[in-house]
Amino acid sequence: MDTFFELFTYDFFQKAVLAAVFASISCGIIGGYIVSRRIVFISGGITHASFGGIGLAFLLGFNPLLGAVLFAVGAALGIQFFTKVAEIREDSSIAIWWSLGMALGIIFVFMTPGYTPNLMSYLFGNILTVTNSELWWMFMLNIVIIAFFILFFRKILYIAFDEEFARTAGLPVSLFNYLTITLIALTVVLNIRVVGIILILSLLTIPQASANLFTKDFRKLLILSSVFAFIGTLLGLFISYFLDIPSGAAIIFTLVLMFGILRLIKSFI
Amino acid sequence: MNSLLKIENLSFGYDKVPVLENINFEVIEQDFVGVIGPNGGGKTTLLKAILGLIKPDNGKIIFGRELQGRKKAIGYLPQVRYIDKKFPITVLDVVMSGSIMVGKTLSQKAIRNKAEALLKEMGLINIKNKAIGELSGGQMQRVFLCRALISDPKLLILDEPDTFVDNRFEGELYEKLKHINKDVAIILVSHDVGTITSYVKTIACVNGNLHYHNSNKITQEQLEAYNCPIQIISHGMVPHTVLQMHNHDHEH
């Protein structure tokens with residue numbers, strides 16, 4: 001038990017807990033929106049495309065998260081462009097950008113001279129190595145997301161539920177769609193350090209599936225998703241520490257296990 | 001009677017395939033227009049043009065004074081089949097969503113009270129906190145009718161409000177619309193010609209073009225002359241106007 005409380009005195013662990021809080025709030029809210037609107041696949045495309053930016057940053061030697069943001073937003077706009085203007089089917093355009101981003105990332109990393117030690121932490125995440133500046137960025141993202149969802153809650157809900165009706169009522173639907181897709185891209189990128197590119201979809205969907213078991217109210221879904229995400233992330237963090245297994249994978253395993261248990265509980269109440 | 005909206009020479013096509021051609025049509029105050037026509041004939045497209053969801057290739061829609069600032073003066077009930085029934089939203093929130101733009105002048109509390117009053121009127125107040133996906137077809141249609149009415153529209157546009165609705169409720173729905181029609185003009189698209197003709201005042205047959213029929217009595221022969229290949233089907237339980245057709249048959 002002593003080692004349990006001792007953990008919280010370590011600087012790296014305090015940071016990890018803070019990162020878990022920030023990741024849970026941003027992923028809980030944005031994930032709730034993504035799941036409700038059924039745009040999980042688009043989000044997957046954006047996430048994986050961001051790997052291209054990380055590769056480019058390794059090659060040219062700038063901040064990998066900056067590269068990831070550029071590629072994520074680029075992919076978000078690219079998917080829209082392919083679908084609306086070039087008239088390629090939406091799921092196909094997503095797959096094109098998804099794989100293009102990954103391919104570019106692999107090429108850039110291959111061209112980078114020497115060994116790239118951090119690569120694994122971007123792919124699979126490592127919440128225990130989150131830096132102060134990354135924490136600040138995550139904090140600011142949380143402020144933006146919370147403010148956006150509080151200020152425009154009803155408009156976001158109404159557009160997400162019935163876009164066409166919102167248009168007939170004169171809401172700026174396209175503007176809101178661009179704003180939310182940008183927030184999705186930022187959320188994905190800034191949370192890459194927690195669970196990694198390959199695993200981030202889990203934080204955007206599993207807590208939401210758990211929350212959806214208990215509520216069908218959009219507002220409550222967003223809040224409950226954040227709560228479940230936090231419990232799962234923190235538990236996963238402990239499991240990863242005590243069993244000495246990678247944190248990202250441990251967190252996801254915990255989230256799925258939680259969902260299974262909650263689903264069972266629900267069938268008994 | 002004042003004109004609510006007037007459509008002049010309107011044409012529209014998807015990917016250069018013409019759907020609506022040279023439509024001329026006027027809706028006046030307290031009108032109750034039944035829009036009928038075969039599938040793919042352009043009924044929904046016509047509604048979308050009026051709602052501003054699509055931009056006509058040619059022609060124009062002139063809105064009367066009552067519909068100036070039309071964004072809140074038109075109530076819209078879309079086809080329920082296109083609604084995502086798994087979306088996590090409560091009945092009350094769905095109804096309140098009808099007042100998005102009105103929300104600028106009314107407080108959330110006032111909108112909530114109004115939504116609850118409408119739900120009470122439709123006999124839905126007990127299920128206001130249920131998720132939309134938990135409702136029956138008839139309940140869902142009534143919820144969307146509440147959403148269309150909460151903005152106090154001058155014109156109500158309904159796209160097949162009788163799908164997924166059982167016979168008993170269908171009669172109730174049309175009685176309700178008849179009542180609403182005392183203050184609000186209605187454009188109603190339906191595939192159930194036999195039923196709507198006993199409630200609407202005039203009929204528009206849409207099949208690429210539009211034929212206006214200034215009464216609710218329509219015969220199979222007239223439909224054919226209008227190039228509107230649909231069958232007048234009769235249903236039990238609900239009042240319907242098939243009599244006219246029978247008389248016609250007997251005359252021969």
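**Briefing: core, helix packing and chain contacts**

The largest nonpolar core has 152 residues, and those with the most contacts inside it are Ala72(A), Ala185(A), Val189(A), Val95(B) and Ile157(B). Such a core is a set of buried Ala, Val, Leu, Ile, Met, Phe, Trp, Tyr and Cys residues joined through C-beta atoms within 7 Å; a residue is buried if 20 or more other C-beta atoms, placed from the backbone, lie within 10 Å of its own. Helix 2 of chain A gives the most to this core, with 12 residues. Domain 1 (1–73 + 156–252) and domain 2 (78–152) of chain B both contribute residues, so the core lies between them.

This is a predicted model, in which local features need pLDDT of at least 70 and side-chain atom pairs count only at pLDDT 80 or more, while totals for chains, interfaces and linings use all residues. Residues are numbered from 1 along each chain as its sequence is written, and chains are lettered from A and ligands numbered from 1 in the order in which they are written.

**Helices of chain A**

- Helices (H or I, at least four residues) and strands (E, at least two) are DSSP runs, numbered from the N terminus.
- In helix 12 (residues 200–214) of chain A, 11 of the 15 residues are buried, including Ile200(A), Leu204(A), Pro207(A) and Ala211(A).
- Helix 4 (residues 64–84) and helix 10 of chain A pack at an angle of about 145°, with axes 9 Å apart; axes are lines fitted to C-alpha atoms over the stretch in contact, and angles run from 0 to 180 degrees between N-to-C directions.
- Residues of helix 4 of chain A, among them Ala72(A), meet residues of helix 10 of chain A that include Ala185(A) and Val189(A).
- That contact holds 11 nonpolar, 1 polar and no charged residues; Ala, Val, Leu, Ile, Met, Phe, Trp, Tyr, Cys and Pro count as nonpolar, Asp, Glu, Lys and Arg as charged, and the others, Gly among them, as polar.

**Chain B and its contacts**

- In chain B, 16 residues are in contact with 20 residues of chain A, contact being C-beta atoms, placed from the backbone, within 7 Å.
- The chain B side divides into 11 nonpolar, 3 polar and 2 charged residues.
- Chain B is divided into domain 1 and domain 2, with bounds from an automatic or database domain assignment.
- The contact between these domains takes 12 residues from domain 1 and 12 residues from domain 2 of chain B.
- Strand 6 (155–159) and helix 5 (167–180) of chain B each supply at least two residues of the domain 1 side.
- Ile157(B) touches residues including Leu47(B), Ile74(B) and Ile187(B), not counting residues up to four places away in sequence.

How values were computed:
A residue is buried if 20 or more other C-beta atoms lie within 10 Å of its own, exposed if 12 or fewer, and partly exposed in between; C-beta atoms are placed from the backbone. Two residues are in contact if their C-beta atoms, placed from the backbone, lie within 7 Å.
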